[in-house]
Amino acid sequence: PDVSSWQLFRPWLLGRLIPDAHLCGVSKLLGRHYEAISALYRLLGVKVGRYVYWPGSGFNFSEPDLVEVGDYVVFGSRSLIYTSDAKHRRQAVTLEAGSN
């Protein structure tokens, strides 16, 4: 499938605006307040359920609109979520409620 310029530009722009997994230091500032971190990810376009335990290392979503996280999901410190491959084929990722 052909990849549009917009599909290539969006992740590039987000990577420049928010270059690190700690949301430019905001997640470190908020600390272990997981609902506040969830609210920040919701603002970026991630569909986030309630009571999500985010890793202290943070996440770097290149395509947040393709990620859905259910209620009571627990991430490990080395968790990664990939929404596209090297050929820029995009695929939505859903973590169901209670995923661990």
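H33 is exposed, its relative accessible area being 54% (buried means under 20%, exposed over 50% and partly exposed in between, with a 1.4 Å probe and protein chains only). This residue sits in the loop between helix 2 (26-30) and helix 3 (34-44); helices (H or I, at least four residues) and strands (E, at least two) are DSSP runs, numbered from the N terminus. Between H33 and Y53 there are 20 residues in sequence, and their C-alpha atoms lie 9.3 Å apart in space.

The model is predicted, with local features needing pLDDT of at least 70 and side-chain atom pairs counting only at pLDDT 80 or more, while totals for chains, interfaces and linings use all residues. Residues are numbered from 1 along each chain as its sequence is written, and side-chain values use heavy atoms, with hydrogens and water left out.

Turning to the overall fold, the protein chain contains three helices and three strands, arranged along the sequence in the pattern α-α-α-β-β-β. The C-alpha trace spans about 40 × 30 × 20 Å along its principal axes. Of the 100 residues, 31% count as buried. Among contacts with a separation of 6 or more, 34% come from residues 24 or more positions apart, where contact means heavy atoms within 4.5 Å.

A search of the whole structure for salt bridges returns four (a side-chain nitrogen of Lys or Arg within 4 Å of a carboxyl oxygen of Asp or Glu). In one of them, the side chains of E63 and R90 meet at 2.8 Å, N to O. E63 belongs to the loop between strand 1 (47-48) and strand 2 (67-69), and R90 to the loop between strand 2 and strand 3 (93-95), so this pair ties together parts that are 27 residues apart in sequence. E63 counts as buried at 5% relative accessibility, whereas R90 is partly exposed at 26%.

R90 also forms a salt bridge with D65, at 3.5 Å, N to O. Here D65 lies in the loop between strand 1 and strand 2 and R90 in the loop between strand 2 and strand 3, so the pair ties together parts that are 25 residues apart in sequence. D65 counts as partly exposed, with 32% relative accessibility.

Another salt bridge joins R89 and D85, whose closest N and O atoms are 2.6 Å apart. Both partners count as partly exposed, R89 at 44% relative accessibility and D85 at 30%. Through shared partners, salt bridges link R10, E63, D65 and R90 into one network.

Finally, there is the largest pocket, which holds about 240 Å³ of space. On a 1 Å grid over the protein atoms alone, a pocket is an open set of points where a 1.4 Å probe fits, with protein on both sides within 12 Å along at least five of seven lines, and lining residues have an atom within 4 Å of a point. Grid points are joined across faces, edges and corners, and the volume is the space filled by probe spheres set on the points. The lining comprises 15 residues, with N60, F61, S62, I81 and Y82 lying nearest the pocket centre. By class, this lining has seven nonpolar, seven polar and one charged residues (Ala, Val, Leu, Ile, Met, Phe, Trp, Tyr, Cys and Pro count as nonpolar, Asp, Glu, Lys and Arg as charged, and the others, Gly among them, as polar).
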